[in-house]
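Please look over the sequence and the structure shown below. The report that follows goes through the sheet, the helices, the cores and the salt bridges in turn.

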Amino acid sequence: MAVMTRELAQEIVNRTMAILDWNINVMNEEGVIIGSGDMNRIGDVHQGALLVLQEKTKVEVKEEREGVKPGINFPIYFNGQIVGVVGITGEPEEIQAFAELIKMSAELVLEQSFLLEQFQWKQRIQNDMITQLITGTGGDSVVEKAGSLGIDLDLPRAAIVMEARTDPTGQELLRSIEFELDKGDVLGVTPSNEIILFKVAERGLKVPRRLRSVAGGVGIGGVASSSREWRRSYEQGKHALALGRRSRPGLPVYSYEEFRIEVLLLQMMERNPDLERFSFYIPLMEHKEGMETLDAYIQENGELNRTAERLFIHRNTLRYRLDKIHQWTGKDPRKIRDLMELYIAKLFYEAH
């Protein structure tokens, strides 16, 4: 049930008086003035409001009497119940045309406030639920939270991990995509301001189009058959975003399906981070030109002509650089097994 607070009452007054040149009073369900253009009247009992609350209808005061000024007082309704009264000071004949609009405006502000409060309450619960599931700290409380929102945790969903382009809190991004959500989608923000959307994927995954333009980066994980796999899907999306940005910068979306092998390798290495196994790569890291050459060579699938064109160098220069990589690392990038080892080492050191 919406409550007419002092803050909300004064907001109604300020909004209305910014347009109309009449004093506005807003009273609570006890007839006490809680918002007014005359701040000295805050806390006073409004006699006209008491009549409205008693008779449950509009009350006009045509002549000043017993401290009550001429004006029109309307009940403010929400969901069929009176939650307050709005009064407009002035000659009833003069203000009649605007009085109904002021009442409607007050009720609209109240409804908007209620909807915003409901949205924020829902968002807080979803934030907590997502954080618990992706950190593995969920339990019965997650089921309770989902039940309170009518969320079916057993629907197949994929994690979409987003980073805001400018706003560090992500609120602008949240507002941009909330109207593109489908039934069953779960959107939340983690304590570290990561924005995560668990998108229903019953009939294939459809990424909201606005994400491509408003998000600073998007990583999509594999489909999780139930909430028990949300953590895995989230980690896949997070790794896909990190890997994609390094290997193919500038793309709007990076999917786990494109980086499946790399993500699996990184997850394995995170469980057993042995720096010594890739120590052969360290000398190469001291040569920027060698690193750029290896990166281009991998991007062009080892094709010499395209790699040379990408680097704006001659084929012979490219061969010389590949020889130097072999010399520094002991791994020949022209041999597929050695190139795989170089690529895995590159992934490892970029991730650490």
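## The open sheet

In what order do the five strands of the open sheet stand? The order is β2-β1-β5-β4-β3, with antiparallel pairing. Because β2 (33-36) and β3 at the edges have a single partner strand each, one side of each is left without a neighbour in the sheet. Neighbouring strands are turned by 25° against each other on average, direction ignored. Two strands count as paired if DSSP finds at least two bridges between them; helices (H or I, at least four residues) and strands (E, at least two) are DSSP runs, numbered from the N terminus.

β1 and β2 pair over three bridges in the antiparallel sense, and M27 stands opposite I33 in β2.

## Basis of the model

This is a predicted model, in which local features need pLDDT of at least 70 and side-chain atom pairs count only at pLDDT 80 or more, while totals for chains, interfaces and linings use all residues. Residues are numbered from 1 along each chain as its sequence is written, and side-chain values use heavy atoms, with hydrogens and water left out.

## Helices beside the sheet

Helix α1 (residues 6-17) lies across β1 and β2 and runs at about 30° to β2. Such angles run from 0 to 180 degrees between N-to-C directions, with axes fitted as lines to C-alpha atoms, for helices over the stretch in contact.

In helix α2 (residues 47-55), G48, A49, V52 and L53 are buried. They are on the same side of α2 because they cover an arc of only 140° around the axis, taken from the directions from the helix axis to the C-beta atoms. Buried means under 20% relative accessible area, exposed over 50%, and partly exposed in between (1.4 Å probe, protein chains only). The cover over these residues includes β1 (24-27), β3 (59-61), β4 (71-78) and β5 (81-89). K56, which follows α2, has a positive phi near 55°.

Four bridges join β7 to the antiparallel strand β8 (residues 195-200), where L197 is the bridge partner of L187. Five residues lie between the strands of this hairpin, and N193 takes a positive phi near 70°.

## Nonpolar cores

A nonpolar core is a set of buried Ala, Val, Leu, Ile, Met, Phe, Trp, Tyr and Cys residues joined through side-chain atoms within 4.5 Å. The largest has 28 residues, and F278, Y281 and L294 have the most contacts inside it. Its largest share, six residues, comes from α12. A second, separate core of 24 residues includes A9, V13, I72 and L110.

Leaving out residues up to four places away in sequence, Y281 touches M291, L294, L342, A345, K346 and Y349; contact means heavy atoms within 4.5 Å.

## Salt bridges

How many salt bridges are there? The count comes to 16, where a side-chain nitrogen of Lys or Arg must be within 4 Å of a carboxyl oxygen of Asp or Glu. One of them joins R321 and E289, whose closest N and O atoms are 3.2 Å apart. R321 lies in helix α11 and E289 in helix α9, so this pair ties together parts 32 residues apart in sequence. R321 is buried at 13% relative accessible area, whereas E289 is partly exposed at 46%.

R232 and E229 also meet in a salt bridge (2.7 Å, N to O).
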